Amino acid sequence: MDMLLSSPTFAFIQVLNSISLGMNLFIIAAGLSLIFGVLRVINFAHGVFYMFGAYIMYTVAQDLELGFVTGVIAAAAGLAVIAIVVERGLFQWLYDKEHLMQLLLTFAIVLIMGDLAKIIWGTDQLSVSYPDGLSGAVDLGVTFYPAYRMMLAVIGPVIFIGLFLLIERTRWGRLTRAATQDMEMLAALGVNVPVIYVTIFLIGSALAGVGGALAAPINSPTPGMDATIIVECFVIVIIGGLGSLWGTFVGALIYGFVFNFGSVIVPNWQDVFAFLLLMVVLLIRPWGLFGKPEREGH
Amino acid sequence: MGWNMPRGVLFTCIVVLVALALIPMADSRYLIDISTEIMVYALFALSLNVIIGYSGNVSFGHAAYFAIGGYTNAILLTTYELPLIVAFPAAVLASGLAAAFVAYFCTRLTDIYFAMLTLAFAMLVWAIAFKWRSVTGGDDGFVGVTVPEFIDGRVPFFYFTLITVTLSTAVLWMICHSAFGQTLVAVRENITRAGFIGVNTRLMRGAAFAVAGAFAGIAGAIFAMYNRGVYTESAFWPESAQVLIMTLLGGMYSFFGPAIGAAALYLLERFANEYTEYWPTVLGVILLVIVLVLPEGLVGLFKRVKARMVGGR
């Protein structure tokens with residue numbers, strides 16, 4: 001606490017840490033929110049997708065030494081394949097079923113993929129080194145800051161803008177938004193709705209994979225990392241409003257700040273602060289900051 | 001529908017109770033331990049079903065109230081050296097109040113939003129248990145729970161559990177089959193209509209949540225003494241998922257279904273663990289079967305088979 005007040009540089013670094021953490025989480029939470037927004041499914045397996053992204057990064061960049069960028073691409077591609085299998089193999093049978101059943105289905109995927117990860121990568125904590133050129137620190141004038149975290153803080157907004165343009169400015173994005181509104185009508189107009197669904201699920205899952213791959217050098221891949229991240233993502237999307245891209249972006253930033261400053265002001269209680277924040281938001285706006293009230297029929 | 005049980009159900013209950021009461025005669029530690037744990041999980045799952053089966057909401061954070069009951073009982077018994085007659089009811093009250101508090105927030109939402117919020121609150125409980133080291137023991141767990149002398153021992157504890165779980169189940173039955181329980185079913189079936197006929201649906205859903213929390217607290221309080229410890233894992237979300245799976249495996253549209261599911265899943269886990277270290281995969285496959293083939297659980301399957309046999313005759 002004292003450090004924050006007495007040292008502007010320290011406070012500045014904390015701000016950067018908050019943004020960097022928030023942006024890393026945004027990449028993952030955006031996928032969850034995107035999938036919910038269109039498919040109306042809360043994908044519990046999103047956390048395990050993230051974990052697979054981190055593990056794939058380890059295998060490609062660390063084990064096979066194919067480089068960091070290849071690792072990120074491989075993680076995205078790997079998760080895209082998994083997403084297609086999961087959506088076509090399982091999810092597509094459940095869109096008209098109760099939410100509870102969908103939730104449980106995704107939980108079954110969590111359990112099975114969690115074991116699969118143990119079989120493939122073992123239970124040890126694995127470490128992924130920083131990519132060349134990003135292992136040092138950048139000079140920001142007032143202070144030095146780890147280049148890797150700086151990159152995370154930049155990539156988040158880039159992905160945000162990319163997603164925003166994709167959904168708000170392209171024909172495909174318009175169809176996607178139409179699918180959210182009334183999928184039956186859209187299908188009646190001759191649009192191939194299942195293709196939209198599988199694509200959205202693919203993009204959302206690939207984001208989890210990319211998020212995991214990017215987090216790998218900071219959070220060493222280890223079993224159980226999926227359980228923590230999924231709850232963090234839930235908190236973010238509930239704060240921001242489920243299905244809202246803006247909400248997820250703002251929610252992730254808020255979460256980053258609360259978590260980081262919480263840990264500086266009252267060490268060890270940062271998780272509790274995040275949940276308290278969640279409560280306050282829900283008291284004021286039950287559907288999250290950018291969410292819309294539930295409609296009948298959902 | 002009144003409080004009276006259908007004759008077949010009552011008969012089965014009595015048979016099960018007598019069989020359970022006779023278990024210590026077999027003089028098997030293994031059998032006594034298994035039955036004690038199954039009874040605790042059965043009560044835990046039955047309590048969750050008040051939310052799911054009766055009020056029609058899904059709680060993904062029910063473990064929180066189990067843990068609160070466990071921690072409160074353990075702390076009052078051990079740290080404050082209070083007698084069981086004070087600590088146990090206090091633990092139940094604490095769980096019930098915590099659930100009522102959470103329900104105040106969660107009932108603003110429905111459906112999937114409700115489920116996620118219950119999860120978030122459960123994680124808050126977990127985070128507190130994890131960080132509040134001086135009181136809860138943090139990630140080492142709260143160990144060395146003082147167990148009152150009169151139930152200190154495998155057989156006395158077994159009977160204590162049997163009596164407590166039986167009484168709790170009886171009370172739960174009465175609650176679920178009272179006017180309150182029927183109102184909950186009305187809310188589950190059609191919340192809009194229930195609202196139109198003057199039911200305060202939010203209050204009803206909240207009350208169901210609080211009742212469920214209190215009974216989960218009973219199960220947790222027993223379990224803390226049985227284990228002589230409480231651990232943070234008991235509040236972590238996979239635990240909530242497990243009790244949810246027990247409830248669904250048994251069948252959420254029947255009062256006793258969750259208890260059957262608890263027993264089945266528990267035994268299956270014990271059995272599977274002897275052959276494989278990949279119990280989660282087995283559980284995942286069970287879940288897939290429930291979701292894709294058996295949405296009404298074992299009780300639903302039983303009813304279907306019965307209907308076919310009767311119909312075929």
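In the predicted model, A:Ala11 is placed in helix 2 of chain A, an element that covers residues 8-39. A count of 12 or fewer would have made a residue exposed, and 20 or more would have made it buried. Although A:Ala11 and A:Phe261 are 250 residues apart along the chain, their C-alpha atoms are separated by 9.0 Å.

Because 28 other C-beta atoms lie within 10 Å, A:Gly47 is buried. When neighbours within four places in sequence are left aside, the contacts of A:Gly47 are with A:Asp226, A:Ala227, A:Ile229 and A:Ile230. The separation between A:Gly47 and A:Glu98 is 51 residues in sequence, and their C-alpha atoms are 22 Å apart in space.

The largest nonpolar core of the model consists of 213 residues. Within this core, the residues that touch the most other members are A:Val235, B:Ala42, B:Phe44, B:Ala120 and B:Val125. The greatest contribution to the core comes from helix 10 of chain B (residues 201-227), which supplies 18 residues. With residues up to four places away in sequence not counted, A:Val235 touches A:Tyr255, A:Ala274, A:Phe275 and A:Leu278 in chain A, together with B:Ala120 in chain B.

Notes:
Residues numbered from 1 in each chain as written. Chains lettered and ligands numbered in written order. Predicted model: local features only at pLDDT ≥ 70, side-chain atom pairs only at ≥ 80, totals over all residues. Helix = DSSP H or I, 4+ residues; strand = E, 2+ residues; numbered from the N terminus. Core = buried A, V, L, I, M, F, W, Y, C linked by C-beta atoms within 7 Å. Contact = placed C-beta atoms within 7 Å.
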